[in-house]
Amino acid sequence: MSEKNSYYDAADLGNFAAMGECAPDLWEKFMAYYGAVFESGALTKREKALIALAVAHAVQCPYCIDAYSQSCLENGANEEQMTEAVHVACAIRGGASLVHGVQMKNVVKGLSM
Amino acid sequence: MIPPFEARIANPTLRRTAERLEVLQVNVGRRCNLACGHCHMESGPNRTELMTRKTMEHVLRVLRSWKFKTLDITGGAPEMTPNFQWLVEEGIKSGAHVMVRSNLVILNEPGYEHLPEFFAEHGVEVVASLPYYTERDCDRQRGSGTFRTVIAMLQKLNALGYGRDERLPLDLVYNPGGAFLPPNQAELEREYKTRLSADFDVIFNRLFAITNTPVGRFGDFLRRTGNFDRYRQRLHDAFNPAALEGMMCRFQLSAAWDGGLYDCDFNQAAKLPVKGPANIRDLGDVPEGREIAFGEHCYACTAGAGSSCGGATA
């Protein structure tokens, strides 16, 4: 592997299709599915882009954050809406940690006199 | 590597103007009361390029003899060019549909406050720039305080019948607030209508979603922020061949403040003149078709849903 100063390179996003090289059938199925998911349906394209932006922050994927920040803008969302979407991701991630505190409480209760 | 735009036009018919030209677009001057970040004309208060009455006479002569349906007046703030009202009146007398592209903020300035009534009296279509329906996003692009003034002027136009009376159309123009493509025009129009009506009791007819073209002040912004190559690539990758037929250059002729002729306002900014007589004073009274002069910036008009001064084209 060549030496790089970062695991992430913005230009790599443009090479995503390289993932189709050794498994073209799986790639094509994934891309067809991916495209269908983002078509407008019961949810608008904008709503889906905002969900994707929130999920991108939850999974902390820099490629997805780049792509879906642009997609949100191109679907008419503004920075205010996008910031709220990131807070939704933040609340769910934080809440998920906090609600596991109930398990901690249960363990403590089980071990305590 | 981005291929030349012309190489993407397989059908040679689409490299020429349509049989009948519909719109004579006239950029009467670069002077403007604003200096918007996206302005491809780099207009502003210190610009001195203004169309003379003599050139306007040639515009009106060609408007009549070539039987253009529409006189589309733009700028700058076209209202700041001397003889602007005369040009509008003569255009109307010629039987053309006259539209004025206004920033609306000018209508609140001393010396211009009578213009909403003037527009209504003459049945002028008003096309107003409003890059978004919220103050923060709008002011970032057009300058502090512009949003509130525009809303007040829209309310004034509505009170005169604009947006309600069918002889008084009022259209808004959205353009992206940065290096990205515009959203779906129909969806955005619904959203603008809902929000402007609920928040400000403002109504309008159509929303035109226009793609920013990488020339002029917007081109400078792209270079300054390191976005130029990525944006060019974005426009190229979003090339939609279905948008070729409706390119506005095929249906119009564009004249600059000095009478210089272009295929569109963006070609004016790019200093790419028509292939034919160079000035409106040199045009005869018989309409002529022409080969269109293309540049790389033309990819902005064929990206995604297509773009023109009248919004999406595909």
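## Around helix α3 and the sheet of chain B

The buried residues of helix α3 (115-122) of chain B pack against β3, β4 and α5 of chain B. This is a predicted model, in which local features need pLDDT of at least 70 and side-chain atom pairs count only at pLDDT 80 or more, while totals for chains, interfaces and linings use all residues. Residues are numbered from 1 along each chain as its sequence is written, and chains are lettered from A and ligands numbered from 1 in the order in which they are written.

Helices (H or I, at least four residues) and strands (E, at least two) are DSSP runs, numbered from the N terminus. A residue is buried if 20 or more other C-beta atoms lie within 10 Å of its own, exposed if 12 or fewer, and partly exposed in between, with C-beta atoms placed from the backbone. Two residues are in contact if those C-beta atoms lie within 7 Å.

Let us stay with α3(B) for a moment. Its buried residues are Leu115(B), Pro116(B) and Phe119(B). They cover an arc of only 105° around the axis, which puts them on the same side of α3(B); the arc is that of the directions from the helix axis to the C-beta atoms. Glu117(B) and Glu121(B), on the other side of α3(B), are exposed. Just after the helix comes Gly123(B), with a positive phi of about 65°.

Now to its packing partner, helix α5 (residues 146-159) of chain B. With 14 residues, α5(B) reaches 20 Å from its first C-alpha to its last, close to the 20 Å expected at 1.5 Å a residue; the expected span is 1.5 Å times one less than the number of residues. Thr146(B), Phe147(B), Val150(B), Ile151(B), Met153(B), Leu154(B) and Leu157(B) are the buried residues of α5(B). Seen down the axis, they fall within an arc of 165°, so they line one face of the helix. Their cover includes α3, β4, α4 (135-142), β5 and α6 of chain B. Gly161(B) follows α5(B) and has a positive phi, near 110°.

Further on, Glu166(B) sits in the loop between α5 and β5 of chain B. Glu166(B) is exposed, with 7 other C-beta atoms within 10 Å.

Two strands pair if DSSP finds at least two bridges between them. Chain B has an open sheet of eight strands in the order β6-β5-β4-β3-β2-β1-β7-β8, with mixed pairing. β6 and β8 (261-262) of chain B stand at the edges, each with a single partner strand, so one side of each is left without a neighbour in the sheet. Helix α2 (residues 84-93) of chain B packs on this sheet, touching β2 (70-74) and β3 (97-102) of chain B, and its direction makes about 150° with that of β3(B). Axes here are lines fitted to C-alpha atoms, for helices over the stretch in contact, and angles run from 0 to 180 degrees between N-to-C directions.

Strand β5 (residues 170-174) of chain B is mostly covered, with four of its five residues buried. On one flank, β5(B) is joined by four bridges to strand β4 (residues 125-129) of chain B, and the two run parallel; here Val127(B) stands opposite Asp171(B). β5(B) also pairs in the parallel sense, over four bridges, with strand β6 (residues 206-209) of chain B, where Tyr174(B) stands opposite Ala209(B). Together with helix α6 (residues 185-200) of chain B, β5(B) and β6(B) make a right-handed β-α-β unit; right-handed means that, with the strands pointing away from the viewer, the path from the first strand over the helix to the second runs clockwise.

Some backbone geometry deserves a look too. Most residues other than glycine have a negative phi, and most peptide bonds are trans.

| Residue | Phi | C-beta neighbours inside 10 Å |
|---|---|---|
| Gln60(A) | near 50° | 10, exposed |
| Leu104(B) | about 65° | 23, buried |

Gln60(A) lies in the loop between α2 and α3 (62-74) of chain A, and Leu104(B) in the loop between β3 and α3 of chain B. The peptide bond from Gly75(B) to Gly76(B) is cis, with omega near 25°, and Gly76(B) belongs to the loop between β2 and α2 of chain B.
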